[in-house]
Amino acid sequence: MKSNSLSNGGRLRVLVLTILFLPLSGCGGWWKRPAAEHASGNAPANASAPVPSSDEAARGAVRFLEERVKRDPDDFIAHNQLVDYYLELEHETGDTRYLELALRAAQASLKALPAEQNAGGLAALIRAEAALHQFASARANALRYVELEPQKRAPYILLFDTQLEVGDYDGAAKTLAKMEGLAERSVDEETRRARYAQITGDTDAATKHLTQALAIARTYSATHADTLAWYHWQLGETAFSVGQYEAAERHYNDALALFPDDIHSRASLARVRAARGDLQGAIKEYETVNNRLPEPPYLAALGDLYQLTGRAPEAAKMYAEVERVGRLTPLESNLHERLLSIFYADHDLKTEEAYAAAVKDYSARQDIYGADTLAWTALKAGKIKEAQAAIKDALRMGTKDAKFLYHAGMIARGAGDKDAARDYLTRALALNPQFDPLQVSIAKKALEEN
């Protein structure tokens with residue numbers, strides 16, 4: 001029997017670790033994803049009537065729980081619940097101050113009761129650290145979590161997440177293998193298998209796992225509309241990554257039908273409209289997105305569309321906003337470092353600064369998306385050999401990402417290898433012919449000139 005309640009704050013939620021799952025941001029990294037395992041208990045409700053999400057409900061819960069820990073600082077259960085609600089509010093509002101509050105709550109929980117008796121507090125700490133991009137510490141704590149509860153799936157889920165973030169793909173594969181036989185397949189496991197399939201270039205398997213995760217999620221009465229929408233969004237992102245624009249648009253519309261406030265699906269809908277040639281429709285959607293949640297990738301995308309439609313002053317304004325929003329605070333700068341590095345490289349801005357940031361980032365976090373960022377910024381900074389080494393690292397898993405192939409083609413072109421440049425650029429455009437409105441025009445021109 002399946003529960004009408006969920007662990008980790010009682011909700012199947014979508015939490016933020018970096019920015020996006022697929023090429024929308026150009027920087028990759030981990031994704032917004034469901035964070036909770038299901039408990040056992042009551043029967044599932046009708047899947048056609050998901051419970052709506054409300055950040056006001058989360059704010060009310062936060063006020064209640066903050067009062068509880070104010071009265072009793074040793075209430076570790078309340079601290080653990082606060083972590084999830086803070087992360088939820090950061091997702092809903094984009095206010096990164098909630099991430100620091102989440103970290104403090106997790107630390108307070110473990111101060112009140114150590115991890116040996118408070119595994120939930122350790123799990124909360126891992127999620128908060130990962131949300132703040134403290135991935136090395138998060139992985140170390142995930143390994144400890146596995147040691148404390150080796151027969152449960154939840155520790156392996158968090159370990160897998162942190163292994164992906166630091167580029168330990170062999171370790172991540174072993175972690176997935178260890179989950180086999182622990183219990184029946186869960187939403188959490190299916191989404192991780194989808195992610196690993198995406199990284200290794202098996203988009204059919206990714207689609208299969210996401211579809212299965214959505215089917216499981218629909219059987220739980222407490223599955224909120226925004227969570228179901230998230231799965232449709234990810235299915236759309238997977239379709240978009242291989243140029244299946246009609247399917248992608250259908251999934252984005254399905255997500256918005258479930259949850260009209262899903263800003264990420266709306267931004268992806270704007271992107272797919274641009275890919276299908278409706279630049280004005282895409283601009284309108286991006287304007288709506290940025291009026292509600294002006295994040296660097298959405299601001300940059302709108303700027304590029306303004307540029308392509310002859311609205312250069314408005315494009316310049318959007319590009320300035322990318323930098324302003326991306327560097328509002330030191331924390332924002334850290335969280336958006338890869339996005340900003342890619343943005344600078346895409347637009348031939350601050351190339352040395354972008355390269356230096358990418359080098360620093362990759363030294364601490366050697367995943368394929370960091371390698372791609374390093375390769376692209378190295379090329380723009382005139383460091384061809386460094387770019388060649390980094391793009392080889394980025395391509396090592398066989399990921400089907402048109403931007404990786406495009407970057408590889410431009411790096412080969414910069415190195416004077418015309419055959420390799422032609423091959424990579426042709427493959428990029430065959431995989432996803434409109435992967436990025438501005439960069440596609442550059443790729444096509446380079447292919448014509450090659």
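**Thr96 and other positions in a predicted model**

Author: Beyond its neighbours within four places in sequence, Thr96 is in contact (heavy atoms within 4.5 Å) with Glu90, Leu331, Glu332 and Leu335. The model is predicted: local features need pLDDT of at least 70 and side-chain atom pairs pLDDT 80 or more, whereas totals for chains, interfaces and linings use all residues. Residues are numbered from 1 along each chain as its sequence is written, and side-chain values use heavy atoms, leaving out hydrogens and water.

Reader: Where is Thr96 found, and why is Thr96 called buried?

Author: Thr96 is found in the loop between helix H2 (76-93) and H3; helices (H or I, at least four residues) and strands (E, at least two) are DSSP runs, numbered from the N terminus. Buried means under 20% relative accessible area, exposed over 50%, and partly exposed in between (1.4 Å probe, protein chains only). Thr96 has 8% relative accessibility and therefore counts as buried.

Reader: What makes the pair formed by the side chains of Thr96 and Glu332 a polar contact?

Author: The two side chains make that contact at 3.1 Å. A polar contact is a pair of N or O atoms within 3.5 Å; within protein, one must be able to donate a hydrogen and the other to accept it, and residues adjacent in sequence count only if both atoms are side-chain atoms.

Reader: Why does Leu110 count as buried, and which residues is Leu110 in contact with?

Author: Leu110, in helix H3 (residues 97-112), has 19% relative accessibility and therefore counts as buried. Beyond four places in sequence, Leu110 is in contact with Ala115, Asn118, Gly121, Leu122 and Leu125.

Reader: Why is Gly60 called partly exposed?

Author: Gly60, in helix H1 (residues 55-71), has a relative accessible area of 26% and is therefore partly exposed. From Gly60 to Tyr85, 25 residues away in sequence, the C-alpha to C-alpha distance is 9.8 Å.

Reader: How do you know that His209 is buried?

Author: The relative accessible area of His209 is 16%, so His209 is buried. His209 lies in helix H9 (residues 203-218) and, beyond four places in sequence, is in contact with Arg185, Glu190, Arg193 and Ala194.

Reader: Why are the buried residues of H20 said to line one face of the helix?

Author: In helix H20 (residues 384-394) the buried residues are Ala387, Ala390, Ile391 and Ala394. Seen down the axis of H20, they fall within an arc of 100°, so they line one face; the arc is that of the directions from the helix axis to the C-beta atoms. An α-helix has 3.6 residues a turn, so residues three or four places apart point the same way. The buried residues of H20 pack against helix H19 (368-380) and helix H21 (402-414). Lys385, Ala389 and Lys392 are exposed on the other side of H20.

Reader: Which residues have pLDDT under 50 throughout, and what is the average for the chain?

Author: pLDDT, the predictor's confidence in each residue from 0 to 100, stays under 50 over residues 1-53. Where pLDDT is low, the predicted coordinates should not be read in detail. The chain averages 88, and 88% of the residues score at least 70.

Reader: How many helices and strands does the chain have, and what percentage of its residues are buried?

Author: The chain has 23 helices and 4 strands. Buried residues make up 59% of its 450 residues.
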